[in-house]
Amino acid sequence: MFDKILIANRGEIALRIHRSCHEMGISTVAVHSTADADAMHVRLADESVCIGAPPATESYLNIPAIITAATITNADAIHPGYGFLSENAKFAAIVEEHGIGFIGPTSDQIALMGDKIASKAKVASLGMPVVPGSDGAVSNSSETWRLADDIGYPVLVKASAGGGGRGMKVVRSADELDTSLRQARGEAKAAFGDDTIYIEKYLETPRHIEIQVLGDGNGKVIHLGERDCSLQRRNQKILEEAGSAGINDSQRDEIGATVCKALSELKYRNAGTVEFLYENGEFYFIEMNTRLQVEHPITELVTGVDIVREQIRLAAGTPLSMTQADVNFSGHAMECRINAESPDNFVPCPGKVTDYHPPGGPNVRVDSGLYSGYTVQPHYDSLVSKLIVYGTTRNECLMRLRRALEEYVIGGIDTTIPLHQSIVSDTDFVNGDYDIHWLERFVAERAASG
Amino acid sequence: MAKFDVDEALVRKLSELLDDTGLTEIEYRAGEQTIRVSRGAEGLALAPASSAALTIGAAKEDVPEDTGHHPGAITAPMVGVVYLAPEPGSPSFIKPGDTVGEGETLLLIEAMKTFNPVRAPRNGRVSRILVADKAPVEFGEDLVILE
């Protein structure tokens, strides 16, 4: 088992990783930019190394600085968290070349899943259901027209080099196809430097349902169930639930088994999440994230598994702690991502936190690095806290979440707590009746009504 | 008994410290001279000691060695390991008292097997070198004070 892990991240996830390390008796090294010198995880870590100036390129994305920090502190593994270098195949390779454990999949697996066209083709060949589409880049030829007809309108034109929901155009009829293809190419070139585009069936009212997996790197892969992350604004998840109100147990078991079978052929290593769009009883693969996800806590609460601990164990070469049969799903969990932003217009609001009082009580969990007197930095994304609650039923979970949101005090900055409060009291949400477009409409209506 | 000048201000200061801290004795040593101030039954007693005695630093009157940053300090532009000489065995780039010109190499920082020179940003005199050879340093850590 590792003696010392370097945490190559910041904010709430760095604290999360530190906590599992200390619970396993592993000492921690926090690398940080000058702006994060007072971050909670830096204060709690056994050692800290300042690696650069605030801009991420000079610090959290600075591979030489992070490797050097690991070398001088004699860290024997690095946990990359999420974002930053966590899905950088080159970083994973460099870490392992230095004889340091990389707590995540192999560099090749990261590279494969980072290529949206290649990963889709690969998983399709392994039996996963995918969104019907061009299976590769398209040109402006008549071939593309025929393809779009076969798929059936509406279709979505997507940039291969895009991501995070950017570089996508909906085409509703053959008349629009020509213009849309040309525009998409132009925009893709400008935004991503690559005008490769492909087309897919456009799903009108899908849910976003993702499956959490753990693999031992030797062919054993298990799943920890699904998360419903349909509530998104500008393709950023806002509120997630485990399990999904849109599928039942047998559907979960079936898609879970399909995913595990495909990934075990790849000998997938460590944690990952396979993301699907789900509509009318059908799952459609969109992408795989080869890292820990922000919303992992809701899975932890309904399965009792500490995913970060499992990541560390797997990276150290320990076998999976459980078989698929050992995994039990019990109750329901929800997570609110709380951002330091105005709840009305989402303008970021960094600044000093004055009063800080997180909610407590049974089955309430707060993953956050905030504390009274802490200054939220402007240089990084605005997620400052995750409020996660568990209930034995979805309804109990909902009542608990409302109660917890009422109690939560974060003074001195704007946060999106009021937005969450309005979501959780909305009839559609209460009924579990929403798709990936719901939140955008809700936010627009809320803004219109003032 | 060796003769030495009594620094009256110092003695007063030590006495005040005794009062403020509630201690019964403070011994202060500078060079080979020592003053001990203690609270006896009849009030304060002053006893010079000629032997080299260990200083009991009761009051934190430290010169700020590591607190905060020194003005005029050259700081580390990256995390890494400091090398004070161009090669093992050769003389250090600089020593205290040296005058350096702008652009002169002060020391090297090694990161991932590459050696990066840290150069003087201006002309000046090296007053202190704050890091040891082969010491690991963080980004922004004080390295050398250049006056």
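How many helices and how many strands does chain B have? Chain B has 1 helix and 11 strands, where helices (H or I, at least four residues) and strands (E, at least two) are DSSP runs, numbered from the N terminus. Read from the N terminus on, the elements of chain B follow the order α-β-β-β-β-β-β-β-β-β-β-β.

This is a predicted model, in which local features need pLDDT of at least 70 and side-chain atom pairs count only at pLDDT 80 or more, while totals for chains, interfaces and linings use all residues. Residues are numbered from 1 along each chain as its sequence is written, chains are lettered from A and ligands numbered from 1 in the order in which they are written, and side-chain values use heavy atoms, with hydrogens and water left out.

Of the 147 residues in chain B, 33% are buried, a word that stands for under 20% relative accessible area, with exposed meaning over 50% and partly exposed in between (1.4 Å probe, protein chains only). Among contacts in chain B between residues at least 6 apart in sequence, 53% join residues at least 24 apart; contact here means heavy atoms within 4.5 Å.

Two packed helices are described by the angle between their axes and the distance between the axes. The axes are lines fitted to C-alpha atoms, for helices over the stretch in contact, and the angles run from 0 to 180 degrees between N-to-C directions.

| Helix pair | Angle | Distance of axes | Crossing |
|---|---|---|---|
| α12(A) and α13(A) | about 155° | 10 Å | left-handed |
| α7(A) and α8(A) | roughly 130° | within 11 Å | right-handed |

A crossing is left-handed if the near helix is turned anticlockwise from the far one by less than a right angle, and right-handed if clockwise. Angles under 35 degrees count as roughly parallel, over 145 as roughly antiparallel, 65 to 115 as roughly perpendicular and the rest as oblique.

Helix α12 (residues 394-407) of chain A and helix α13 (residues 417-424) of chain A pack at an angle of about 155°, and α12(A) and α13(A) are therefore roughly antiparallel to each other. On the α12(A) side, Leu398(A), Leu401(A), Arg402(A), Leu405(A) and Glu406(A) take part, and they meet Ile417(A), His420(A), Gln421(A) and Val424(A) in α13(A). The residues of this contact divide into 5 nonpolar, 2 polar and 2 charged, given that Ala, Val, Leu, Ile, Met, Phe, Trp, Tyr, Cys and Pro count as nonpolar, Asp, Glu, Lys and Arg as charged, and the others, Gly among them, as polar.

Helix α7 (residues 142-151) of chain A and helix α8 (residues 174-192) of chain A cross at roughly 130°, and that makes α7(A) oblique to α8(A). Here Thr144(A), Trp145(A) and Ala148(A) of α7(A) meet Ala174(A), Leu177(A), Asp178(A) and Leu181(A) of α8(A). The residues of the contact of α7(A) with α8(A) comprise 5 nonpolar, 1 polar and 1 charged.

Leaving aside neighbours within four places in sequence, Ala404(A) is in contact with Pro359(A), Val364(A), Leu387(A) and Val389(A).

In helix α8 of chain A lies Ser180(A), which is buried, with a relative accessible area of 8%. The side chain of Ser180(A) reaches the backbone oxygen of Glu176(A) at 3.0 Å, and, not counting residues up to four places away in sequence, Ser180(A) touches Lys169(A) and Val171(A).

His223(A) has its place in strand β10 (residues 221-233) of chain A and is buried, with a relative accessible area of 4%. A polar atom of the side chain of His223(A) lies 3.1 Å from the backbone nitrogen of Gly225(A). Beyond neighbours within four places in sequence, the contacts of His223(A) include Ile211(A), Arg252(A), Cys260(A) and Phe329(A).

Gln236(A), in strand β11 (residues 236-242) of chain A, counts as partly exposed at 48% relative accessibility. Gln236(A) and Arg337(A) are 101 residues apart in sequence, and their C-alpha atoms are 10.0 Å apart in space.

**Helix α11 and its ends**

In helix α11 (residues 307-315) of chain A, the buried residues include Ile307(A), Val308(A), Ile312(A) and Leu314(A). Asp306(A) caps the N-terminal end of α11(A), with a side-chain oxygen 3.2 Å from the backbone nitrogen of Val308(A). After α11(A) comes Gly317(A), whose phi is positive, near 95°.

Conventions. A polar contact is a pair of N or O atoms within 3.5 Å; within protein, one must be able to donate a hydrogen and the other to accept it, and residues adjacent in sequence count only if both atoms are side-chain atoms.
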